[in-house]
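Here is a briefing on one protein model. Keep the sequence and the 3D view side by side as you read.

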Amino acid sequence: MLSAEENDILTKVGPDSDCGRWLRSFWFPIALSDNPVGPTAQLQLDEPFLYNDRPGTATSFGQKAATFEGNPLAVRILGEDLVLYRDLSGDLGLMDINCPHRNSSLEYGRPRERGLACPYHGWTFDNAGECLAMPGEPKNSNFKNKVTIKAYPVREQGGLIWTYMGSGEAPMLPQIDVIAARGGVRIVENFCLWPANWLQIVENSVDQVHTGILHGEGSTRADVWSQIPEVDWHPDDFGIQTVQIRGDYGRTNYLRFPTTILLNQPWPGGKFNWPRYSAIFRTPVDDNHTLLFHVTHVPEVNGKSPELPEGMEFPAAGQVQTLFEQDYRAIVTQGRPVDRTIERLGVTDRGIILLRKMVMEGIDAVRRGEEPKGVLRGAEGEQMLVSAEKVTDALMNTEAAE
Ligand code: FES
Ligand SMILES: [Fe+2]
């Protein structure tokens, strides 16, 4: 149970909030790249479903979001309305959606050789936010040297477009094999916009008792999954590993701060006996919405690329639909915002308490003007996070894969 004030501190994402400042210490993916290497997909459900949100409003799941095709795209990230675009020389830019002249939306801007031009009077800005042109002003005017627009750095990695919205020098992009390793096959999926605050989605990653109940009944592996696991948590400077034990079947996941979850990928099953790992990235949109991206990586083994069996289904979305619908219903209906002043936490919620404590430590570090744990810099930041060292799935890797 939290006080209303603590709940606010841990959940607000805007630029003037404490949690928002902590989140701005990290890079976030904001869209699928428009020119990725390897396959990409939009989460396509067999049948979009409706669920009854509180207070009984029917809401559909599977909303298309952040599909960037190179044309200017309006995005809301960490409570800020921005436009993502690619200029005619191929460079990406991300800037305030409102033109500083008279506020027109740059979503309808026109990409130029360099930068993006406002459609109203043609003020043109480059990806550092400098004004390059004001075609309507007198030729000898130097007014354009006095006007800038808010702009953030943008990079591409692992089929996703990333931004860093903090102040000061940007840290390194996450070095996680799923998005950064060379070779193998990589599949990037857009897992849609969830009408939920980032924290309740991330809490689900350390709450692994739910897997035995929410996902247990009716599962194709109900004999294993419906056992309620013994759960334990191992924190380090960069995140929390959650261990679930069911008899001799062990499964671990790893939450990498602030919002990434690394998983051993049980799908696709069948005869595909090859290691595969995935990462789900959660990007806070505003206090009540979060974007999810899913990247699966099937690595090379002994220098060999995976032999994908004939008819193997990628992307995996169809195969995880049931799991996903179950998590979605459970998480989204917790509320917007979740009222944590009335919750009743039990012994098996220790992971949730640990997570909130670690987030609060990060927020406190930022308040003191320090860099929080988990920010990647220097030699430590260059080290690749190898999924196999953090996530396991003892059964799925052996008999279930046969
Ligand atoms: S409103 Fe953008 S140039 Fe005038
Ligand atoms: Fe789940």
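## Strands, metal and charges

Val83 stands opposite Met95 in β7. This is a predicted model, in which local features need pLDDT of at least 70 and side-chain atom pairs count only at pLDDT 80 or more, while totals for chains, interfaces and linings use all residues. Residues are numbered from 1 along each chain as its sequence is written, chains are lettered from A and ligands numbered from 1 in the order in which they are written, and side-chain values use heavy atoms, with hydrogens and water left out.

**Overview**

- The protein has ten helices and 21 strands. Helices (H or I, at least four residues) and strands (E, at least two) are DSSP runs, numbered from the N terminus.
- Of the 402 residues in the protein, 54% are buried. Buried means under 20% relative accessible area, exposed means over 50%, and partly exposed lies in between (1.4 Å probe, protein chains only).
- Take the contacts between residues at least 6 apart in sequence: 63% of them join residues at least 24 apart. A contact means heavy atoms within 4.5 Å.

**The sheets**

- One open sheet has four strands in the order β5-β6-β7-β12, with antiparallel pairing. Its edge strands are β5 (73-77) and β12, and each pairs on one side only. Two strands pair if DSSP finds at least two bridges between them.
- Five bridges join β6 to strand β7 (residues 92-96), in the antiparallel sense.
- Another open sheet of four strands runs in the order β8-β9-β10-β11, with antiparallel pairing. At its edges stand β8 (110-111) and β11, each with a single partner strand, so one side of each has no neighbour in the sheet.
- Two bridges pair β8 with strand β9 (residues 116-117) in the antiparallel sense. Arg110 has Ala117 in β9 as its bridge partner.

**The iron site**

- Which residues coordinate the iron ion (ligand 2)? The donors are His210 (NE2), His215 (NE2), Asp327 (OD) and Asp327 (OD), at 2.1 to 2.5 Å. Donors are N, O and S atoms within 2.8 Å of the metal (3.2 Å for Na, K and Ca); water is not among the atoms, so sites may look incomplete.
- Along the chain, the donors follow the spacing H-x4-H-x111-D.
- Why is the arrangement irregular? The four donor atoms subtend angles of 56 to 150° around the iron ion (ligand 2), which makes it so. Four donors count as tetrahedral if all angles lie between 85 and 135 degrees; four count as square planar and six as octahedral if opposite donors are over 155 degrees apart and all others between 65 and 115; anything else is irregular.
- Both His210 and His215 are buried.

**Salt bridges**

- Side chains of opposite charge can pair when their charged atoms come close. A salt bridge is a side-chain nitrogen of Lys or Arg within 4 Å of a carboxyl oxygen of Asp or Glu. The whole structure holds 20 salt bridges.
- Glu80 and Lys150 form a salt bridge, with their closest N and O atoms 2.8 Å apart. Glu80 lies in strand β6 (residues 80-86) and Lys150 in the loop between β11 (131-133) and β12 (151-152), so the pair ties together parts that are 70 residues apart in sequence. Glu80 is buried at 5% relative accessibility, whereas Lys150 is partly exposed at 36%.
- Arg86 meets Glu156 in a salt bridge at 3.0 Å, N to O. Arg86 is in strand β6 and Glu156 in strand β13 (residues 154-157), 70 residues apart. Arg86 is buried, with a relative accessible area of 14%.
- Arg340 meets Glu203 in a salt bridge at 3.2 Å, N to O. Arg340 sits in the loop between α7 (321-332) and α8 (350-367), and Glu203 in helix α4 (residues 198-206), 137 residues apart. Arg340 is buried at 1% relative accessibility, and Glu203 is buried at 6%.
- A network of salt bridges links Asp18, Arg21, Asp364 and Arg367.

**Helices α1 and α8**

- In helix α1 (residues 4-11), the residues Asn7, Ile9, Leu10 and Thr11 are buried. Their cover includes α2 (18-23), α4 and α8.
- The buried residues of α8 include Gly351, Leu354 and Met358. The buried residues of α8 pack against α1, α2, α4, β16 (230-236), β17 (239-246) and β18 (249-256).
- Just after α8, Gly369 takes a positive phi of about 85°.
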